Each structure stands twice: as structure tokens, then as C-alpha cells.
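Reader: I would like to go through this model term by term. Please set each value against its cut-off.

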Amino acid sequence: LNLLPRLFLWLPLIMLLLFGYLYFLNVRTSGALESIINENFIKQRFTASGVMYYGNIFGGRLEMWEAATESWLQSILIGYGFGSEVLVYSSGVAYKSQLHNYFLQILLNTGIVGFIAIIISAYKWLSSFHKRFDSIAYSDQKQFLMSLICFIFLILTFATFGHPLSYPPVSSLFWLTLGLLSTTDAYARKI
């Protein structure tokens with residue numbers, strides 16, 4: 001359990017480096033990685049008018065993420081601000097403000113400065129939670145709190161490919177769970 005705060009700190013950074021490496025690899029191979037993905041993960045899609053076309057299982061996310069990364073590279077330090085849009089071709093040219101990847105969204109909106117601030121805040125919260133968690137006497141309470149942490153991990157994992165907090169029930173449960181985990185002092189032993 002001592003690895004939990006470090007895992008929360010390093011997991012987003014490792015994922016960012018992995019996606020960055022895959023993007024770099026795709027560029028260096030002139031799109032070979034993307035073509036392999038497209039050849040192996042093609043599925044039929046339909047436009048609003050009912051016309052069928054073949055698209056990959058990512059639903060235009062790869063193109064959107066590539067356009068967002070290129071846009072972010074023009075303002076790495078401070079980003080473009082919340083609500084910024086990215087021009088992307090994803091089965092039609094359109095401006096997208098929701099990138100279906102919260103980590104990339106944070107980078108685009110707040111730049112490295114905001115991303116690091118959020119990672120540091122998450123790390124501080126986790127280390128504080130870890131100290132409170134260690135002071136809990138009963139294992140059933142620890143198991144309950146660990147299940148809540150797993151729920152948070154699940155939402156954050158889904159946030160790399162979607163936008164789960166845009167659904168009111170999920171968003172409500174996410175913030176209530178964070179609030180409950182932030183008040184773990186109520187479970188601590190009284191000395």
C-alpha cells in the first residue's frame with residue numbers, strides 16, 4: 001500500500017510518455033503504426049444520413065488527439081485556456097472542445113504548468129489520504145475505502161478514452177467518493 005501515492009503520481013506520467021512515444025513512433029515510420037491499427041481495428045460506422053463508411057474503433061479519437069497534440073506543441077507552457085477548441089478531421093472537419101482524454105485535455109487547456117500543478121495536488125491528496133488510511137484500525141473499513149479508491153482509478157482509466165464526468169450519475173458518484181475519501185479522519189482511531 002506504500003506504493004499507492006507513488007502510483008498515482010507516476011501512472012499519468014507513464015501513460016503520457018507511452019502515448020508520446022507511440023505518436024513519435026508513428027511519425028518516424030510515416031504513419032505505419034496508424035495504418036497497422038486501422039487495418040486490424042476497422043469497423044463499420046454510419047453517418048447521420050445512414051451512409052456506411054469504414055472507421056477505426058477509436059471513433060476519430062486518434063485524429064483528434066494528434067491534432068490536439070500538434071496544437072498543444074504550439075503553446076506547451078501555459079496551454080490555450082479552458083474551453084479551447086481544436087480543428088480536427090474526424091469523419092468531417094470540425095472544431096472539437098472535448099478530446100475524450102482528460103489528461104490530454106488538461107495539457108491542451110493548462111499546459112505543462114497546469115498539468116504539473118494538478119499532478120502535485122493529486123500527489124499531496126494521496127499522501128495525506130495514505131497517512132489517514134494507515135491510522136484506521138478496522139480492516140473492513142480499509143477494504144471499503146480501498147473499493148472507493150478502485151472506483152476512482154476506474155473513472156480515471158476511462159477518462160483516457162472518454163469523458164465519464166459528463167454523465168451526471170457518474171460525476172456525482174465520483175465527487176461524492178472523493179469527498180468521502182477526503183474525510184477518512186472519521187474512521188481513524190481516537191487516542
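Author: Start with burial. Buried means under 20% relative accessible area, exposed over 50%, and partly exposed in between, with a 1.4 Å probe and protein chains only. The model is predicted: local features need pLDDT of at least 70, side-chain atom pairs count only at pLDDT 80 or more, and totals for chains, interfaces and linings use all residues. Residues are numbered from 1 along each chain as its sequence is written, and side-chain values use heavy atoms, with hydrogens and water left out.

Reader: What makes Gly-162 count as buried?

Author: Its relative accessibility is 3%. The cut-off is under 20%. So Gly-162 counts as buried.

Reader: Which residues does Gly-162 touch, not counting residues up to four places away in sequence?

Author: Arg-61, His-100, Asn-101 and Tyr-102. Contact means heavy atoms within 4.5 Å. Gly-162 itself lies in the loop between helix 5 and helix 6 (168–182). Gly-162 and Leu-99 are 63 residues apart in sequence, yet 7.9 Å apart in space, C-alpha to C-alpha.

Reader: Why is His-100 called buried?

Author: His-100 has a relative accessible area of 18%, so it is buried. Its place is the loop between strand 4 (93–96) and helix 4 (102–134). Its phi is positive, about 60 degrees, although His-100 is not a glycine.

Reader: Is Ser-30 buried or exposed?

Author: Exposed, with a relative accessible area of 70%. Ser-30 is in the loop between helix 1 and helix 2 (32–40). Its phi is near 55 degrees, a positive value in a residue other than glycine.

Reader: What secondary structure does the chain have?

Author: Six helices and four strands. Helices (H or I, at least four residues) and strands (E, at least two) are DSSP runs, numbered from the N terminus. Along the sequence the pattern is α-α-β-β-α-β-β-α-α-α.

Reader: How do you know that the buried residues of helix 5 are on the same side?

Author: The buried residues are Leu-145, Leu-148, Ile-149, Ile-152, Phe-153 and Ile-155. They cover an arc of only 165 degrees around the axis, so they are on the same side of helix 5. The arc is that of the directions from the helix axis to the C-beta atoms. On the other side, Ser-139, Asp-140, Gln-143 and Leu-154 are exposed.

Reader: How does the span of helix 5 (residues 139–158) compare with the expected one?

Author: Helix 5 has 20 residues and reaches 28 Å from its first C-alpha to its last, close to the 28 Å expected at 1.5 Å a residue. The expected span is 1.5 Å times one less than the number of residues. Helix 3 has twelve residues and reaches 16 Å, close to the 16 Å expected.

Reader: Why is Thr-69 called buried?

Author: Its relative accessible area is 18%, so Thr-69 is buried. Thr-69 is found in helix 3 (residues 61–72). Leaving aside neighbours within four places in sequence, Thr-69 is in contact with Tyr-23 and Leu-104. Other buried residues of helix 3 include Met-64, Trp-65 and Trp-72.

Reader: What share of the 191 residues of the chain counts as buried?

Author: 32%. Among contacts between residues at least 6 apart in sequence, 60% join residues at least 24 apart.
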